[in-house]
Amino acid sequence: MTLHLDRRQALAAGLSAAAGTLVPASASLSASAEGPAGASGPPVGSLPLRQRVWQLGSDQRGPGSLEQVERTLAAPAPDEVVVEVLASALNNRDLQLLRQAYGPAQPAERIPVGDGAGVVVAVGAQVEGITLGQRVTAPHFVSWLDGAYRPEVFAADLGITRDGWLAEYITLPAAALVPVPESMSFEQAAALGTAGITAWRVLVEFAGLRAGDTVLALGTGGVATLGLQIARMHGARVAITSSSDDKLAVARELGAEITVNYRNEPDWDHAVLEATGGRGVDIVLETVGFGTLPQSLRCCAPNGRIGVLGSLDPGGDRVPNLSTMLLRNLRVEGVTSGSRRMLAELLQACAVNGISPHIDRRFGFDEAREALEYLAGGEHVGKVVISS
Ligand SMILES: NC(=O)c1ccc[n+]([C@@H]2O[C@H](COP(=O)([O-])OP(=O)(O)OC[C@H]3O[C@@H](n4cnc5c(N)ncnc54)[C@H](OP(=O)(O)O)[C@@H]3O)[C@@H](O)[C@H]2O)c1
């Protein structure tokens with residue numbers, strides 16, 4: 001892990017030079033990659049540090065449209081903190097946003113990327129219980145702390161409707177912060193974000209995953225691979241599909257028992273049924289959407305649960321068979337990510353069980369366009385991260 005101490009020193013110096021309101025240099029400099037450090041400093045008042053950020057740009061036709069610019073970092077509001085970003089992680093929705101395919105187009109100045117982790121370098125006047133140098137991450141829906149899903153959470157969605165992690169610093173509501181466990185790196189914490197929370201919510205919260213269950217994950221992208229790892233952590237058996245035998249080999253190394261190449265075997269549901277002795281699977285992480293839902297339904301065991309979360313294939317005229325659902329008493333639920341509480345539980349579970357999210361490839365901050373192009377190419381298994 002490379003820490004930009006020069007940048008942190010610059011921050012400390014810059015803040016100290018500002019009109020008497022800022023984080024003490026000693027506290028800021030005491031943060032380290034290995035663990036929390038430093039005592040809580042006085043609140044930050046105003047001012048100014050120049051930082052590099054990536055913004056969407058006005059073109060928004062894909063990763064090439066991203067622009068790197070310099071911007072002034074404002075002091076946090078009384079209930080906010082400033083975090084120095086040490087790692088961020090990419091998701092398919094970051095690509096969709098860049099192509100104007102994720103809800104309404106966002107302003108050219110928006111900083112993308114919903115997942116990341118770093119250290120607290122400044123705290124607002126009313127923030128309590130957060131220490132300078134604390135290692136933190138946050139859910140991308142920063143206002144969804146706990147409880148049931150509400151559509152209003154989209155109003156504060158990191159990297160979409162609120163500036164995200166593809167910058168040297170990010171300003172976050174203090175209430176959204178989740179401490180990163182001592183044993184976990186910034187990259188690992190970032191990689192567990194959106195994809196991990198969503199897989200966790202499907203498997204643990206919705207489907208009530210139990211040891212001995214059989215879980216089916218579709219594809220080997222971020223959500224499916226973290227789903228595989230979370231399922232194995234709970235003692236479940238995992239079936240997984242992919243377009244690539246090489247990717248299936250990686251999935252087997254991560255603990256998948258049943259692997260099916262959906263390109264070579266278009267009737268992959270038959271293969272899954274056969275591999276489970278005709279019984280089928282208990283839980284499906286439906287990352288693809290209506291294109292695969294008819295087959296996902298067909299390879300469910302009685303009382304199976306399907307968490308529908310993806311939209312990679314809208315399905316055309318493929319219509320799920322209702323009688324399959326009725327006769328097998330299947331439950332199908334739409335899932336939109338998860339809360340701060342779910343992210344905290346996921347991090348704790350991974351730390352206790354020594355689970356490290358599978359990171360396919362790392363890029364530097366200046367290689368953000370290349371990182372997103374790599375994700376778009378679909379060569380990855382698991383997560384693609386950007387380290388500062
Ligand atoms: N609802 C939510 O809160 C939520 C949260 C996170 C993600 N999502 C959605 O979930 C989907 C996956 O996200 P991600 O970040 O994991 O994506 P990703 O890392 O880009 O992975 C995409 C992978 O999906 C697989 N795939 C594509 N088409 C497929 C098909 N027809 N059948 C089987 N597998 C197929 C491919 O795996 P192989 O190369 O192995 O074939 C591909 O690499 C996206 O639609 C994303 O928007 C939703």
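Buried here means under 20% relative accessible area. Keep that in mind for these close-ups, which come from a predicted model.

**View 1. Serine 244, tucked into a loop.** Serine 244 sits in the loop that links strand S9 (237-242) to helix H7 (245-253). Its relative accessibility is 19%, so serine 244 counts as buried. Look for a polar atom of the serine 244 side chain: the backbone nitrogen of aspartate 246 lies 3.2 Å from that atom.

**View 2. Helix H5 crossing helix H11.** Here helix H5 (residues 194-206) meets helix H11 (residues 340-353), with axes that come within 10 Å and cross at roughly 90°. That makes H5 roughly perpendicular to H11. On the H5 side, the contact is made by Gly196, Ile197, Trp200, Arg201 and Glu205. H11 brings Arg341, Met342, Leu343, Glu345, Leu346 and Ala349 to the contact. Sort these residues by type and you get six nonpolar, one polar and four charged.

**View 3. Cysteine 299 and cysteine 300, with no disulfide.** A disulfide needs two cysteine sulfur atoms within 2.5 Å. For cysteine 299, the closest cysteine sulfur belongs to cysteine 300 and is 6.2 Å away, so the pair is too far apart for a bond. Cysteine 300 is likewise in no disulfide, with the sulfur of cysteine 299 as its nearest cysteine sulfur. By this rule the disulfide count comes to zero. As for burial, cysteine 299 has a relative accessible area of 0% and is buried. Cysteine 300, at 1% relative accessibility, counts as buried too.

**View 4. Helix H8 and what covers it.** Follow the chain to just after H8 and you'll find glycine 277, which takes a positive phi of about 65°.

**View 5. Glutamine 188 and its contacts.** Glutamine 188 has its place in helix H4 (residues 186-191). With 19% relative accessibility, glutamine 188 counts as buried. Leave aside residues up to four places away in sequence, and glutamine 188 touches Ser183, Ser356, Pro357 and Ile359.

Notes
Residues are numbered from 1 along each chain as its sequence is written. This is a predicted model: local features need pLDDT of at least 70, side-chain atom pairs count only at pLDDT 80 or more; totals for chains, interfaces and linings use all residues. Side-chain values use heavy atoms; hydrogens and water are left out. Axes are lines fitted to C-alpha atoms, for helices over the stretch in contact, and angles run from 0 to 180 degrees between N-to-C directions. Helices (H or I, at least four residues) and strands (E, at least two) are DSSP runs, numbered from the N terminus. Angles under 35 degrees count as roughly parallel, over 145 as roughly antiparallel, 65 to 115 as roughly perpendicular and the rest as oblique. Contact means heavy atoms within 4.5 Å. Ala, Val, Leu, Ile, Met, Phe, Trp, Tyr, Cys and Pro count as nonpolar, Asp, Glu, Lys and Arg as charged, and the others, Gly among them, as polar. Buried means under 20% relative accessible area, exposed over 50%, partly exposed in between (1.4 Å probe, protein chains only). A polar contact is a pair of N or O atoms within 3.5 Å; within protein, one must be able to donate a hydrogen and the other to accept it, and residues adjacent in sequence count only if both atoms are side-chain atoms.
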